[in-house]
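Subject: Structure for you to look over

Hello,

Here is the structure we spoke about. Please open it beside this note, then read on for what turned up.

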Amino acid sequence: MTQSDRTNTKKLFIKTYGCQMNVYDSERMVEAMGGEGYVTTDKPDDADMILLNTCHIREKAAEKVYSELGRYKGLKSAKPDLKIGVAGCVAQAEGAEIMRRQPMVDLVVGPQSYHRLPELEAKARAGEKALDTDMPEEDKFEKLKRRPKAKRGPTAFLTVQEGCDKFCAFCVVPYTRGAEVSRPVSRIMEEAIDLVERGVREFTLLGQNVNAYHGAGDGGDWSLARLIWGLSEIDGLERIRFTTSHPNDMTDDLIAAHGECEKLMPYLHLPVQAGSDRILKRMNRQHTAEDYLRVIERLKEARPGLHLSGDFIVGFPEETEEDFQATLDLIEEVRYGSAFSFKYSTRPGTPAAERPQLPEDVKDDRLQRLQALITKHQREIQDSMVGRDVSVLFEKPGRLSGQMVGKSEYLHAVHVTADDVAAGDLRKVRITGSGKNSLSGELI
Ligand code: 5AD
Ligand code: SF4
């Protein structure tokens, strides 16, 4: 009899790749498996179940999953009771192929089927192969059991929407996460209130195309703006953010909320991907550079001082030096507080993967130039905070003794040395210094 049989607790090792949505999903899976007697471990060697929550957005994602699985081969032969599962977008994209290529995999579960994880685990324990990559329309989070009232940190992700109907020519999301689905308002509210009761002060509302949100609520479908206003009424909740948005879904009410809703933070992640209209068209983004700049102008009218962040792809098929220059011009105009940038890489099954590709050295060169410009703006914007008063939601102790770290409304990390500050406190801070990746300041 093993230790785990005696105590009736099993250990789950879960490794999460990719986006915040996956981090959120992993937390929910841990909670669901908690109901089945699992506790988490950070050592795969101790685990009764290893679960890889995979991401398909980066290049060779599937290959990386297979090589990661290969690393557990020895463990699996030494411990035949060990169950190995693959979740997330690679699970969705590859399906049963994973079990064919890696017979040691017991369980494959796509992002829309996590509520079935306990059932699938039981099936795997019974020695059967367990696979579910269906895309049902029910609310998977409602069916995931939550652990009662465990205390949480001051910030949390809250998934409100999943999937995407936009079909950008480079992107796998519409294929792996499926069609755009919004969670009903009541479910989100219930989860939000529960999280606030457990100590959460700030939500980041998550969705692949979050501002397309249109969940069923009182009196019909609610827009994201209406949901934000609804959430802002929860006592104890101080801050709301949301990510990731598409420029075409920046509706009037959402733009207005940036000026009017105090709990909505003045920081917006609004990817544009490229600054050339020709490339935007080839990307099937369905907006021009001018449309995007106009949305930003309106947002800044509503909320002066709004900080922006974005995503960029360089070296998309057919991108010329002139096209790339248009991207740099757009960046120069917007001046992002931060941004993610990527070299275009092919995703099988997406339209752009079939097109002739640019040479790698051209992509490398453009990525480097783009990142240098972003870094320069990021630096200037961060340094310009010195002397200003910001509000900081403190999250945890810093590296030095007596230090606490939190985030400003603009998402800058801020260090303060003070002994009367606790995680979860929201305090005014005067910024006195700007370091490599963070600001420092004094309580006011
Ligand atoms: N190649 C490079 N970057 C990509 N992204 C999505 N698909 C690709 C791809 N095929 C980037 C986009 C998106 C971010 C999450 O990942 O910039 O906004
Ligand atoms: Fe992918 Fe975003 Fe385009 Fe949807 S809007 S297809 S998630 S890049």
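**Ligand 1**

The side chain of Gln-273 places an N or O atom 2.6 Å from an oxygen atom of ligand 1. That is a polar contact (a pair of N or O atoms within 3.5 Å; within protein, one must be able to donate a hydrogen and the other to accept it, and residues adjacent in sequence count only if both atoms are side-chain atoms). Asp-311 also has a polar side-chain atom 2.6 Å from an oxygen atom of ligand 1. Phe-170 uses its backbone: an N or O atom there lies 3.0 Å from a nitrogen atom of the ligand. On its own, ligand 1 has 400 Å² of accessible area, and the protein covers 87% of that (Shrake-Rupley method, 1.4 Å probe; for residues, only the protein chains shown count as cover).

Before going further, some ground rules. This is a predicted model: local features need pLDDT of at least 70, side-chain atom pairs count only at pLDDT 80 or more, and totals for chains, interfaces and linings use all residues. Residues are numbered from 1 along each chain as its sequence is written, chains are lettered from A and ligands numbered from 1 in the order written, and side-chain values use heavy atoms, without hydrogens and water.

The shell around ligand 1 includes Ile-57, Arg-58, Ile-313, Phe-342, Lys-343 and Arg-347. Here a residue counts if one of its heavy atoms lies within 4 Å. By class, the shell has 5 nonpolar, 2 polar and 4 charged residues (nonpolar: Ala, Val, Leu, Ile, Met, Phe, Trp, Tyr, Cys and Pro; charged: Asp, Glu, Lys and Arg; polar: the others, Gly among them). Strands S15 and S16 each supply at least two of its residues (helices are DSSP runs of H or I with at least four residues, strands runs of E with at least two, numbered from the N terminus).

**Ligand 2**

Phe-170 turns up here too, in a shell that includes Cys-164, Cys-168, Cys-171, His-246 and Arg-285. This shell has 7 nonpolar, 1 polar and 2 charged residues.

**Aromatic pairs**

How many aromatic pairs does a search of the whole structure find? It finds 4. Rings of Phe, Tyr and Trp (its six-membered ring) pair if their centres lie within 6.5 Å; planes under 30 degrees apart are stacked, over 60 edge-to-face, the rest tilted.

Phe-170 and Phe-316 pair edge-to-face, at 6.3 Å centre to centre and 85° between the planes. Phe-170 lies in the loop between S8 and H9 and Phe-316 in the loop between S15 and H15, so the pair ties together parts 146 residues apart in sequence. Both Phe-170 and Phe-316 are buried (under 20% relative accessible area; exposed is over 50%, partly exposed in between; 1.4 Å probe, protein chains only). With Tyr-344 they form one aromatic cluster.

Phe-312 and Tyr-336 also pair edge-to-face, at 5.3 Å and 85°. Phe-312 is in S15, and Tyr-336 is in the loop between H15 and S16, 24 residues apart. Phe-312 and Tyr-336 are buried.

**Arginines**

Arg-28 lies over the face of Tyr-24, 4.4 Å from the ring centre. Arg-101 lies over the face of Tyr-66, at 3.8 Å. The test: NZ of Lys or CZ of Arg within 6 Å of the ring centre and within 35 degrees of the ring normal. Arg-241, in strand S13, counts as buried because its relative accessibility is 6%. Its side chain reaches the backbone oxygen of Ser-408 at 3.2 Å.

Best wishes
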